[in-house]
Amino acid sequence: MHPMVKPALRRGWRDLNTVQFGMTPAHALTLGPMDTATGSFLDLLNGTRGMELLREEGRRMDLPDGHVDGLVRRLSRAGLLDDARGGGPAADTLRAKKDVLDRLRPDLASLSLTTSEPGEALGRLAARRSQRVQVRGAGRVGALLASLLAGAGVGEVEVRDGGRVEPWDVAPGGHPAQAVGDRRDESARRAVRQAAPDRPPRRAELPPPPDGGDPGFSLVVLAPRDDVAVHAPAPSCAEPLMASGTPHLYAGVVEGTGVVGPLVLPGETGCAGCLHEDRTDRDPTWPRLIAQWRSGRQREVRPCDLALATTVAGLAAAHALAFLDGRVPSSTGARWEVSLPTLHWHARPVWAHSACPCGASERGNGEHPSEDGASHETMAVQRPSAQCREAAAERPAGTWRAHV
């Protein structure tokens with residue numbers, strides 16, 4: 001192990017005996033009491049020394065026997081320590097690709113803030129290389145979203161869509177102006193290749209699936225250009241995904257509203273069918289409206305504000321990456337929505353419905369906190385998850401969350 005205090009966290013002294021790591025409330029921790037010699041020793045935890053050399057440095061600084069090991073354990077348990085050589089074989093492979101890793105260093109630093117074990121951040125970043133994601137829809141949202149996933153290190157991003165690139169599909173990070181008239185899926189794939197820090201890994205380089213079959217997709221993102229499909233996703237479009245157990249995430253823009261979610265875990269969380277059944281329960285005219293919207297004359301150009309589309313693509317990519325990294329993002333079983341011009345984010349739960357054949361309702365208790373199924377909690381005031389509270393409860397003595 002080559003210990004390294006996580007460089008993503010800025011360090012500052014609150015007083016002569018207390019050091020604070022990090023600035024924001026979500027990540028700031030304070031550590032104390034801390035004497036001057038130990039504070040100076042922190043500068044040596046930069047990933048260039050192994051434990052034996054650190055012990056020698058500690059003796060040279062007249063630190064007591066066992067003090068260095070105790071400090072390293074303490075920092076590690078608090079989630080403040082990384083391992084410059086950790087992460088496993090996949091991390092070693094990524095480490096050897098210096099140009100690729102340099103492109104991904106900001107993502108690595110960010111991952112270090114949400115992981116606790118030394119070396120875990122690079123291990124998760126390297127694991128993205130083996131992930132396969134499909135994006136269905138290559139409009140302003142889908143094309144940019146696919147590029148973001150590739151740029152963040154996802155190994156294989158496939159894009160599906162039909163038709164040709166229109167002038168109104170052009171967007172920074174997505175379809176360039178010179179792609180107008182090209183096949184929409186081919187243009188999006190070019191954008192993906194340009195955004196990726198490395199070529200997609202060969203299948204032979206990836207670990208085989210446990211059952212020996214086709215590895216399939218880790219996640220499918222449905223980002224339709226059709227605004228009706230964004231507002232009211234058709235359950236039939238996701239039937240193959242439900243049957244194969246493939247997680248899928250919805251994202252798009254309808255009129256002046258951006259939507260991210262739900263992230264559907266088949267058989268476990270509410271799906272498009274559950275959303276349709278719940279809406280029908282609350283509004284019996286819903287099926288009639290949907291039929292009219294789907295069969296009505298299609299407008300040539302649908303509303304899709306560029307900044308809003310970019311915001312949706314960014315948030316959807318963040319939720320997708322959180323899921324691929326092994327987290328459960330807040331879009332699981334919920335739709336995050338934001339509307340122009342006020343741009344207040346709010347979440348609407350997508351409850352598992354007993355009338356939906358997906359079977360998710362059998363796993364829950366069927367209780368709904370409110371009749372209209374709406375949550376007005378904004379992104380700015382989300383409550384910490386049980387997992388975060390548990391992690392905080394296990395923090396060792398001498399470290400605590402900073403009130404900043």
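This is a predicted model: local features need pLDDT of at least 70, side-chain atom pairs count only at pLDDT 80 or more; totals for chains, interfaces and linings use all residues.
Strand S8 (residues 219-222) and strand S9 (residues 248-254) lie side by side in the parallel sense, joined over 3 bridges. Strands here are DSSP runs of E of at least two residues, helices are runs of H or I of at least four, and both are numbered from the N terminus; two strands pair if DSSP finds at least two bridges between them. Residues are numbered from 1 along each chain as its sequence is written, and side-chain values use heavy atoms, with hydrogens and water left out.

S8 and S9 belong to an open sheet of 7 strands with mixed pairing, in the order S7-S6-S8-S9-S10-S11-S12. At its edges are strand S7 (156-160) and strand S12 (346-349), each pairing on one side only. On average, neighbouring strands of this sheet are turned by 20 degrees against each other, direction ignored; the axes behind that angle are lines fitted to C-alpha atoms, for helices over the stretch in contact, and angles run from 0 to 180 degrees between N-to-C directions.

Moving on from S9, we come to S10. The two run antiparallel and are joined by 6 bridges, and His 248 has Val 264 as its bridge partner in S10. Their hairpin has 2 residues between the strands, and Glu 255 takes a positive phi near 55 degrees there. S10 is also joined to S11 by 4 bridges, again antiparallel, with Val 259 partnered by Glu 337. Why is S10 largely enclosed by the rest of the structure? Because 8 of the 8 residues of S10 are buried, where buried means under 20% relative accessible area, exposed over 50%, and partly exposed in between, with a 1.4 Å probe and protein chains only.

Next comes helix H13 (residues 306-324). Its 19 residues reach 27 Å from first C-alpha to last, close to the 27 Å expected at 1.5 Å a residue; the expected span is 1.5 Å times one less than the number of residues. Buried residues of H13 include Leu 308, Val 312, Phe 323 and Leu 324. The buried residues of this helix pack against strand S6 (132-136), helix H7 (140-151), S8, S9, strand S10 (257-264) and strand S11 (334-339). After H13 comes Gly 326, with a positive phi near 95 degrees.

Finally, look at the loop between helix H8 (184-195) and S8, where you will find Ser 218. Ser 218 counts as partly exposed because its relative accessibility is 22%. Its contacts (heavy atoms within 4.5 Å) include Pro 247, Phe 323 and Leu 324, leaving aside residues up to four places away in sequence. The side chain of Ser 218 also makes a polar contact of 2.6 Å with that of Gln 131; such a contact is a pair of N or O atoms within 3.5 Å, and within protein one must be able to donate a hydrogen and the other to accept it, with residues adjacent in sequence counting only if both atoms are side-chain atoms. Arg 132, in strand S6, is 86 residues from Ser 218 in sequence, with 5.4 Å between their C-alpha atoms. The side chain of Arg 132 joins that of Glu 156 through a polar contact of 3.2 Å.
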